[in-house]
Protein chains: 2
Amino acid sequence: MKTLKYSRQRESIKTCLMNRTDHPTADALYLSIREEFPNISLGTVYRNLNLLVELGEIISFTCGDGSVHFDYTTTPHYHFVCKTCGHIHDLPVSMVRETNEFLTEPVPGRIDSHSVFFYGECADCVDKKMTH
Amino acid sequence: MKTLKYSRQRESIKTCLMNRTDHPTADALYLSIREEFPNISLGTVYRNLNLLVELGEIISFTCGDGSVHFDYTTTPHYHFVCKTCGHIHDLPVSMVRETNEFLTEPVPGRIDSHSVFFYGECADCVDKKMTH
DNA sequence: ATAATAATGATAATCGTTACTATTATAATA
DNA sequence: TATTATAATAGTAACGATTATCATTATTAT
């Protein structure tokens, strides 16, 4: 079997994803990490992100437009996508807990999980428009 | 400005999508339509699907795995994805109506819409396993 | 230190989708 | 009905995101 070996690049990918709140794509993460590792390969970023998803250390999702985003938070939560600034906000876990049974009840089969995305304009962007 | 012209291919794409319940991808639809139009181009399928989305006659969505699916039903509804057979089931509109206000309340901003996907195993696939 | 092998950077290949172009189909007009 | 204008097509090339390949480098065990 295959044992995992430490790599500075993988560690950097993890900490970088942990410190960001915007749920970056592989390419966005790649651009960030290049500041620390100027010649890291885009393939390395993809390979490690997929590995971390397999290990359950991170999760990936698409938010309607088809682009794949990565998230360091693995506990169940929802997302709110701002159509103006594109930022993807986390939503409180309590919402998931409250809606879980209610939502899963009328479905024709066995439910393992569900995901919810909200689309709109975040408070920051709404405020900016008010002041103009 | 540009006026729309009739095309048998576009009509076929519409009726084909209308008669299917599995929310096909562009490629799956392409394979279906080739039975009627053996030399229709994949580009034609993509072009018309995108046009129909623009016109609001159909909608498109991704269900987590990144693949883009098309749906002839444009009224708000949820989807249930079976991890075994891959079929994407429609869920009753009443669910949306019931959960709408409840879900949108605690979000930090203005909500335009939301989407919900359920993942699990549909009744058919559960039954099949029971009989083995 | 040496050996074994996992991980890397660089690049080629793949896949889904879009753009391009000469030709065909549709619709308006004479 | 014939003519003209142009939207739509089939076929193919191009594109962007992702994955695979491979020689070299880094990590770990002996």
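# Close-up views of a predicted model

**Figure 1. Helix H5 (residues 123-130) of chain B lies across E5 of chain A and across E3 and E5 of chain B.** The direction of this helix is at about 20 degrees to that of E5(B). The model shown here and in the views below is predicted. Helix H5 (residues 123-130) of chain A also packs on the sheet, where its contacts are with E3 and E5 of chain A and with E5 of chain B. Its direction makes about 20 degrees with that of E5(A).

**Figure 2. Strands from chains A and B form an open sheet of 6 strands with mixed pairing.** Read across the sheet, the order is E4(A)-E3(A)-E5(A)-E5(B)-E3(B)-E4(B). Why is one side of strand E4 (88-91) of chain A, and of strand E4 (88-91) of chain B, left without a neighbour in the sheet? These two strands stand at the edges and each has a single partner strand, so there is no neighbour on one side of each. From one strand to the next, the twist averages 25 degrees. Within chain B, E3(B) and E5(B) run parallel and are joined by 4 bridges. Phe80(B) has Phe118(B) in E5(B) as its bridge partner.

**Figure 3. The largest nonpolar core contains 17 residues.** Which residues have the most contacts inside this core? They are Phe80(A), Phe118(A) and Phe118(B). Two or more core residues come from each of strand E3 (78-82) and strand E5 (109-122) of chain A, and from each of strand E3 (78-82) and strand E5 (109-122) of chain B. E5(B) gives the largest share, 4 residues. Phe118(B), named above for its contacts in the core, is also the bridge partner of Phe80(B). In soluble globular proteins, nonpolar side chains tend to be buried together.

**Figure 4. Chain A has 5 helices and 5 strands.** Starting at the N terminus, the elements follow one another as α-α-α-β-β-β-β-α-β-α. Of the 132 residues in chain A, 37% are buried. Among contacts in chain A with a separation of 6 or more, 48% are between residues 24 or more positions apart. The accessible surface of this chain is about 7,700 Å², and carbon and sulfur atoms account for 53% of it.

**Figure 5. His23(A) has a positive phi, near 55 degrees, in a residue other than glycine.** Where does His23(A) lie? Its place is the loop between helix H1 (8-19) and helix H2 (26-33) of chain A. His23(A) has a relative accessible area of 4% and is therefore buried. In chain B, phi of His23(B) is near 55 degrees, again a positive value in a residue other than glycine. His23(B) is found in the loop between helix H1 (8-19) and helix H2 (26-33) of chain B. Its relative accessibility is 3%, so His23(B) counts as buried. Most residues other than glycine have a negative phi.

**Figure 6. Asn48(B) is found in helix H3 (residues 42-55) of chain B.** Is Asn48(B) buried or exposed? Its relative accessible area is 4%, so Asn48(B) is buried. The side chain of Asn48(B) makes a polar contact of 2.9 Å with that of Arg10(B). With neighbours within four places in sequence left aside, Asn48(B) is in contact with Arg10(B) and Ile13(B).

**Figure 7. Thr44(B) also has its place in helix H3 of chain B.** Its relative accessible area is 15%, so Thr44(B) is buried, the limit being under 20%. A polar contact of 3.2 Å links the side chain of Thr44(B) to that of Arg47(B). Which residues does Thr44(B) contact, leaving aside its neighbours within four places in sequence? These are Gln9(B) and Ile13(B).

**Figure 8. Strand E1 (residues 59-62) and strand E2 (residues 68-71) of chain B run antiparallel.** The two strands are joined by 4 bridges. Thr62(B) stands opposite Val68(B), which belongs to E2(B). How many residues lie between the strands in the hairpin of E1(B) and E2(B)? There are 5 residues between them, and in this hairpin Gly64(B) takes a positive phi near 90 degrees.

Technical notes:
Residues numbered from 1 in each chain as written. Chains lettered and ligands numbered in written order. Predicted model: local features only at pLDDT ≥ 70, side-chain atom pairs only at ≥ 80, totals over all residues. Heavy atoms only, no water. Core = buried A, V, L, I, M, F, W, Y, C linked by side-chain atoms within 4.5 Å. Buried < 20%, exposed > 50% of the residue type's maximum accessible area, 1.4 Å probe, protein only. Pairing = 2+ DSSP bridges. Axes fitted to C-alpha atoms, helices over the stretch in contact; angles between N-to-C directions. Contact = heavy atoms within 4.5 Å. Areas by Shrake-Rupley, 256 points an atom, 1.4 Å probe, with all protein chains shown as cover. Polar contact = N/O pair within 3.5 Å; in protein donor to acceptor, adjacent residues only side chain to side chain.
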